[in-house]
Amino acid sequence: TGSFIDFAPSPVLTIAQGINATNQVVGGAYLLAGEACPTCPETHYGFKRSPSGVISFFSVNGLNTRARGISDSGQITGFVPNAGNFVGFVTTLASGPTYQNLTIPEANLLAVPGAVGTFPEAIDTFGRVAGAWSDGDGNQHGFIATP
């Protein structure tokens, strides 16, 4: 329609990265203290925006969270820092709350073997994740992970 919507309250950084067939949008935003929830710290949060405009912020394991892709069924992928490296996640949000701190066991986080960083960017209806990973020399590589 030629119109644009600025929809996250970040004073510094908002990235709307993924959209699915139902017009749900995911991405990441750097929020000041108290913006994601009254007791939430200043940091990076993932977000999901519903077609009606309701935004839910979330963090994975209490870490700086970046959401990057969303499937048509609502599965979200992205990445978080973990023990000095970046690792990926796949999750869904519960409906309702405007902030959720999700717990994903370390064994369920996505890490390419030998990578110093795993960066999921997209997820399809079958749960396949595509993205990039970094090796110890700083080289970037692509990957596809299947559930």
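Tutor: Start with the term pocket. On a 1 Å grid over the protein atoms alone, a pocket is an open set of points where a 1.4 Å probe fits, with protein on both sides within 12 Å along at least five of seven lines; lining residues have an atom within 4 Å of a point. This is a predicted model: local features need pLDDT of at least 70, side-chain atom pairs count only at pLDDT 80 or more, and totals for chains, interfaces and linings use all residues. Residues are numbered from 1 along each chain as its sequence is written, and side-chain values use heavy atoms, with hydrogens and water left out.

Student: Which residues line the largest pocket?

Tutor: Rolling a probe the size of a water molecule over the atoms shows where empty space is left. Here the lining consists of Q75, G88, F89, V90, N108, L110, I123, G127, V129, A145, T146 and P147. Strand β7 (residues 85–91) contributes the most, three residues. Strands are DSSP runs of E, at least two residues, numbered from the N terminus.

Student: How do I read a positive phi?

Tutor: Most residues other than glycine have a negative phi. N23 has a positive phi of about 70° and is not a glycine. N23 sits in the loop between β1 (14–19) and β2 (25–31). A83 also has a positive phi, about 55°, and is not a glycine. A83 lies in the loop between β6 (76–82) and β7.

Student: Is A83 buried or exposed?

Tutor: Buried means under 20% relative accessible area, exposed over 50%, partly exposed in between (1.4 Å probe, protein chains only). A83 is exposed, at 78%. N23 is partly exposed, at 46%.

Conventions
Helices (H or I, at least four residues) and strands (E, at least two) are DSSP runs, numbered from the N terminus.
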